[in-house]
Amino acid sequence: MQRDSARRSNRDRTEATRADLIAAARKLFTEKSYAETSTPEIVAAAGVTRGALYHHFADKQALFSAVVEQEAMAVAEEIERASPPSLNARDALIAGSDAYLTAMRAPGRTRLLLLDGPAVLGRAVMDAIDNRHGNRSLREGLVAAMRAQTMTRLPADALTALLGSAFDRAALAIEAGASAQDYRAVLMALIDGLSLPQAPRPVRTR
C-alpha cells in the first residue's frame with residue numbers, strides 16, 4: 001500500500017512539474033514569442049531546474065509542441081461542448097463555428113496556433129495536431145451533416161481542410177481588429193451555401 005502511495009505521489013509530482021513548465025512556457029511564448037524566449041527564463045518562471053525541463057522535454061521546441069497541443073485540445077473541447085449530439089447537424093456546425101471563433105480570442109492563442117506554430121513546428125506537424133483536435137471536430141460535424149443529407153456530399157478531408165483554413169483566416173483577421181460580425185456572417189454563408197434545401201414538412205389535417 002505504501003509503495004502504491006509513493007508511486008502515486010511521484011507521478012503526481014511529475015505531472016505537476018510538467019504542467020508548471022507548460023504553463024510558464026505558454027505565458028512567455030505568448031508575451032515574447034517563441035524565438036525571444038529562452039529556456040533559462042522558462043525554468044525560472046516555472047520554479048524548476050533545467051534538469052527538470054530536460055527530463056520532461058527534449059528541447060525548447062518539444063516543450064513548445066506540448067503547449068500547442070494543449071491549446072489545440074482546449075479549442076476542440078470548447079467546440080464539442082457547444083455542439084452536443086442533441087443538436088441537428090447544421091445547428092451543431094453553426095454552434096461549433098461560433099465556439100471556435102470565441103475560443104480563438106483567448107489571449108495569445110492565435111499567435112501560438114496560427115503564427116508561431118506553423119513557423120516553429122512546420123505545416124505537416126501542425127496539420128497533424130489540427131487533425132487530432134479542431135479539424136477532427138469539424139470533420140465529424142461535416143460528415144454528420146452529409147450523412148443526414150442536410151449538406152452536399154463532398155470529399156470530407158478536402159472540405160475540412162478548406163473550411164478550416166477559412167476559420168483560421170477569420171480568427172487572424174478578428175485578432176487584428178477586423179469585424180467579428182462580418183467574418184461570422186461570411187462563414188455562416190459558406191456553411192449555408194453547402195446546405196441542401198430541406199423538404200417542407202407535411203401539414204397535418206384534422
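By salt bridge I mean a side-chain nitrogen of Lys or Arg within 4 Å of a carboxyl oxygen of Asp or Glu. Arg 136 and Glu 140 make one, at 3.4 Å from N to O. Keep in mind that this is a predicted model. Both residues sit in helix 8, residues 134-147, four residues apart, or about one turn of the helix. Arg 136 is partly exposed at 29% relative accessible area, and Glu 140 is partly exposed at 47%.

The structure holds 15 salt bridges. Another is between Arg 81 and Glu 78, with the closest N and O atoms 2.6 Å apart. These two are three residues apart in helix 4, so about one helical turn separates them. Arg 81 is exposed, at 55%, while Glu 78 is partly exposed, at 35%.

Arg 26 and Glu 71 meet in a salt bridge at 2.7 Å, N to O. Arg 26 is in helix 1, residues 2-32, and Glu 71 is in helix 4, 45 residues apart. Arg 26 counts as buried at 19% relative accessibility, and Glu 71 is buried at 5%. Arg 109 joins them in a network of salt bridges.

Last, Lys 60. Which helix is Lys 60 found in? Helix 4, residues 60-82. Lys 60 is buried yet has no salt bridge. The nearest side chain of opposite charge is Glu 41, 7.5 Å away. What does Lys 60 touch, leaving out residues up to four places away in sequence? Phe 29, Tyr 34, Ala 35, Thr 37, Thr 39 and Ile 42.

Note on methods. Residues are numbered from 1 along each chain as its sequence is written. This is a predicted model: local features need pLDDT of at least 70, side-chain atom pairs count only at pLDDT 80 or more; totals for chains, interfaces and linings use all residues. Side-chain values use heavy atoms; hydrogens and water are left out. Buried means under 20% relative accessible area, exposed over 50%, partly exposed in between (1.4 Å probe, protein chains only). Lys and Arg count as positive and Asp and Glu as negative; His and the chain ends are not counted. Contact means heavy atoms within 4.5 Å.
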